[in-house]
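Let's take a walk through this structure together, one part at a time. Keep the sequence and the 3D view open as you read.

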Amino acid sequence: MRRRTMGRTAVTAGLVVLTALVGGCGIRTTSVPVDAGAAPSRVPCSVTQEGTTGTPVQGVPVRVFLVCGSQLEAVDRRSLPEEKAGGDPVRTASGLLAQLLAEPSESEQRAGYTTAVRGPLVVGRGHKGDPAGTLRLSRQPEDLAPTALSQLVCTFAASSAGAGGQTVLLAGPGAYPPKRYRCTTELRERPESTPPTAPAPG
């Protein structure tokens, strides 16, 4: 019995020593810099070529706001026909809406641009009694995704369809009165927030 007890004690002691040796073989820290590869590249949010969607159409320069890097960034295009680029605010807004509904061009996608505006969605004239320059959407503005509404507000407000001062008068198809939506620096930086509004002029 004594020999067995001594044998077990020896085996136990050996395991303790072995465990200590193995535990001491950890990875030591080093002051030598380690090359972990290149840092993730930052989305440039700029296109090398003029972005157009679909078949290129000769027209006047227009500006739309797309999403890039969680912000709204202006993109210049030349694919809006002249008859929709000025004069009639509804035609201008309709052409700009078509641009926002279309998928960004290949060069825009490579630069990181996307659009949150989804159809079906059309824009038309205001109702009788609406302030001049009112645009009526086929859906209530509040029912749109916040980022999509921010794109519409900033794109319309920066065009001849706007109501001046980086604002646009928008409403839905119902009897609700229009609101004056404002495109601000804060909105462009956080398009997922609700666009600021003010009562429409009487």
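The largest nonpolar core has 35 residues. A nonpolar core here is a set of buried Ala, Val, Leu, Ile, Met, Phe, Trp, Tyr and Cys residues joined through side-chain atoms within 4.5 Å. As for "buried", that word stands for under 20% relative accessible area, with exposed over 50% and partly exposed in between (1.4 Å probe, protein chains only). Leu-135, Leu-152, Phe-156 and Leu-170 have the most contacts inside this core. At least two of its residues come from each of E1, strand E2 (71-80), H2, strand E4 (135-137), H4 and strand E5 (167-171). The top contributor is H4, with seven residues. Those labels are DSSP runs numbered from the N terminus: H for helices (H or I, at least four residues) and E for strands (E, at least two).

Before going on, a word on what you're looking at: this is a predicted model, where local features need pLDDT of at least 70 and side-chain atom pairs count only at pLDDT 80 or more, while totals for chains, interfaces and linings use all residues. Residues are numbered from 1 along each chain as its sequence is written, and side-chain values use heavy atoms, with hydrogens and water left out.

Now zoom in on H4. It has twelve residues and reaches 16 Å from its first C-alpha to its last, close to the 16 Å expected at 1.5 Å a residue; the expected span is 1.5 Å times one less than the number of residues. How many of the twelve residues of H4 are buried? Eleven are, so the helix is largely enclosed by the rest of the structure. Among them are Leu-149, Leu-152, Val-153, Cys-154 and Phe-156. Take Leu-152 as an example: leaving out residues up to four places away in sequence, it touches Leu-97, Leu-100, Val-117, Leu-121, Leu-137 and Leu-144 (contact means heavy atoms within 4.5 Å).

Leu-97 and Leu-100 bring us to H2, where both are buried. Val-90, Thr-92, Ala-93, Gly-95, Leu-96 and Gln-99 are also buried in this helix. H2 covers residues 89-101, and at 1.5 Å a residue its 13 residues should span 18 Å; the end C-alpha atoms are 18 Å apart, which agrees.

A disulfide joins Cys-154 to Cys-183, S to S 2.1 Å (the cut-off for a disulfide is a pair of cysteine sulfur atoms within 2.5 Å). Cys-183 sits in the loop between strand E6 (179-182) and helix H5 (185-189), while Cys-154 lies in helix H4 (residues 146-157), so the pair ties together parts that are 29 residues apart in sequence. The link is right-handed, with 95° about the S-S bond. Both Cys-154 and Cys-183 are buried.

How many disulfides does a search of the whole structure find? It finds two. In the other link, Cys-45 and Cys-68 have their sulfur atoms 2.2 Å apart. Cys-45 lies in the loop between helix H1 (2-23) and strand E1 (60-68), and Cys-68 in strand E1, so this pair ties together parts that are 23 residues apart in sequence. This link is left-handed, at -95° about the S-S bond. Why does Cys-45 count as buried? Because its relative accessibility is 18%. Setting aside residues up to four places away in sequence, Cys-45 touches Cys-68, Gly-69, Glu-73, Ala-111 and Tyr-113.

Last stop: the strands around E6. E5 and E6 pair in the antiparallel sense over four bridges, and pairing takes at least two bridges found by DSSP. Thr-167 stands opposite Arg-182 in E6. E6 is also joined by three bridges to strand E7 (residues 197-199), again antiparallel, with Ala-198 in E7 as the bridge partner of Arg-180. Tyr-181 is in strand E6 too, and it counts as buried at 3% relative accessibility. Not counting residues up to four places away in sequence, its contacts include Leu-149, Val-153, Thr-167, Leu-170 and Thr-197. Leu-149 and Tyr-181 are 32 residues apart along the chain, with 9.7 Å between their C-alpha atoms.
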